[in-house]
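Have the sequence and the 3D view open as you read.

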Amino acid sequence: MAAWDPAVLASIAASDDLKISPFREDGTTYGTPTWIWSVVVDDALYVRAYNGRRSRWYRAAMAQGAGRIHAAGRVTDVAFVDAAGEADAAIDAAYRAKYADSPYLPPMVSARTREATVRIAPIA
């Protein structure tokens, strides 16, 4: 896995358009892009599954470990890493700052979604 280019990561952080497409079971076909909230903490990109570990995209991301994202006007091949417990307080704070006005915020900082936290890293 490679590190994010700081300019690319900043543009993703400033946008609210991330769509995630983990590979399907065949390991080569990308899944249907699913819009999801994203935050950046300490130069890392994180997402959480609203429906927790039961979420279809989350299960595919954990099973396949890779796929792609569509964000900030670009498509990037990425790796998905289970990040539950990695930086919960900082990720919660980032969600609260970015999505403060949304009625969907409380579930995104709940125990259910914390358990389904994923770090997304570009594949070089």
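This is a predicted model: local features need pLDDT of at least 70, side-chain atom pairs count only at pLDDT 80 or more; totals for chains, interfaces and linings use all residues.

**Nonpolar cores**
- The largest nonpolar core holds 20 residues, and those with the most contacts inside it are Trp 4, Leu 18, Ile 20, Trp 57, Ile 69 and Ile 120.
- Two or more residues of this core come from each of α1 (6-14), β4 (44-48), α2 (56-64), β5 (66-71), β6 (74-82) and β7 (117-122).
- There is also a second, separate core of 14 residues, with Tyr 46, Ala 94, Leu 105 and Met 108 among them.
- Beyond its neighbours within four places in sequence, Leu 18 is in contact with residues including Ile 12, Trp 35, Leu 45, Val 47 and Ile 69.

**Strand pairing**
- Strand β1 (residues 19-22) runs antiparallel to β5, joined by four bridges.
- In this pair, Ile 20 stands opposite Ile 69 of β5.
- β5 also pairs with β6, again in the antiparallel sense, over six bridges.
- Ala 71 has Arg 74 in β6 as its bridge partner.
- β5 and β6 form a hairpin with two residues between them, and Ala 72 in the turn has a positive phi of about 50 degrees.

**Helix α2**
- Trp 57, Tyr 58 and Ala 61 are the buried residues of α2.
- Viewed down the helix axis, the buried residues of α2 fall within an arc of 100 degrees, so they line one face of the helix.
- These buried residues pack against β1, β2 (34-35), β4, β5, β6 and β7.
- Arg 56 and Ala 63 are exposed on the face of α2 turned away from the buried side.
- Gly 65 follows α2 and has a positive phi, near 75 degrees.

Terms used:
Residues are numbered from 1 along each chain as its sequence is written. Side-chain values use heavy atoms; hydrogens and water are left out. A nonpolar core is a set of buried Ala, Val, Leu, Ile, Met, Phe, Trp, Tyr and Cys residues joined through side-chain atoms within 4.5 Å. Buried means under 20% relative accessible area, exposed over 50%, partly exposed in between (1.4 Å probe, protein chains only). Contact means heavy atoms within 4.5 Å. Two strands pair if DSSP finds at least two bridges between them. The arc is that of the directions from the helix axis to the C-beta atoms.
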